Amino acid sequence: MKKDLTCINCPLGCSVTVTMDTDGEITDITGNTCKRGEVYARSEVKNPVRTVTSTVKVEGGRAYSVPVKTSESIPKAKMKEAMEEINKASIKAPVKVGDIIIKSIAGTGISLVATANR
């Protein structure tokens, strides 16, 4: 089985092909021009993760919302659940950069933090 990916680790955007055996084990990675492409491809096939960025409603502030992001990448499979939590969340003003909005987004143990002052 083969999986074609576009590496997102640098502006080159290499077309990487990952070949796997019938057990899902990686047997070959081609198309990457650097080691980062291989690392990305392995991660994307075995354990895809993403950093989530969004906004959360601010109560009692001059701004309607504050930009937020996960403090680390979360499993891609948890993104829908994370966005559902984010859409329900709100925080009272004042908000400072780094304030924790949600301590364990989607049960991952990873925090959702403010990325601006409001």
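**Close-up views of a predicted model**

**View 1. The loop that holds Pro94 lies between strand S8 (90-92) and S9.** In this predicted model, Ala93 and Pro94 are joined by a cis peptide bond, with omega at about 0 degrees. Most peptide bonds are trans.

**View 2. Ala106 sits in the loop between S9 and S10.** Its phi is positive, about 55 degrees, although Ala106 is not a glycine. Most residues other than glycine have a negative phi. With a relative accessible area of 1%, Ala106 is buried.

**View 3. The largest nonpolar core is made of 19 residues.** Val56, Val66, Ile91, Ile101 and Leu112 have the most contacts inside this core. At least two core residues come from each of strand S5 (53-59), strand S6 (65-70), helix H2 (79-88), strand S9 (100-102) and strand S10 (112-114). Another core, of eleven residues, lies apart from it and includes Val18, Ile26, Tyr40 and Ala41. In soluble globular proteins, nonpolar side chains tend to be buried together.

**View 4. The contacts of Val56 are shown, leaving out residues up to four places away in sequence.** Among the residues that Val56 touches are Tyr64, Ser65, Val66, Val68 and Ile86. Val56 also touches Ala89, Ser90, Ile91, Ile101 and Leu112.

**View 5. Leu12 is in the loop between strand S1 (2-6) and strand S2 (15-20).** Leu12 counts as exposed because its relative accessibility is 61%. Thr33 is 21 residues from Leu12 in sequence, and their C-alpha atoms are 8.7 Å apart in space.

**View 6. The protein chain is divided into domain 1 (2-46) and domain 2 (53-114).** The C-alpha centres of domain 1 and domain 2 are 31 Å apart.

Methods: Residues are numbered from 1 along each chain as its sequence is written. This is a predicted model: local features need pLDDT of at least 70, side-chain atom pairs count only at pLDDT 80 or more; totals for chains, interfaces and linings use all residues. Side-chain values use heavy atoms; hydrogens and water are left out. A nonpolar core is a set of buried Ala, Val, Leu, Ile, Met, Phe, Trp, Tyr and Cys residues joined through side-chain atoms within 4.5 Å. Buried means under 20% relative accessible area, exposed over 50%, partly exposed in between (1.4 Å probe, protein chains only). Helices (H or I, at least four residues) and strands (E, at least two) are DSSP runs, numbered from the N terminus. Contact means heavy atoms within 4.5 Å. Domain bounds come from an automatic or database domain assignment.
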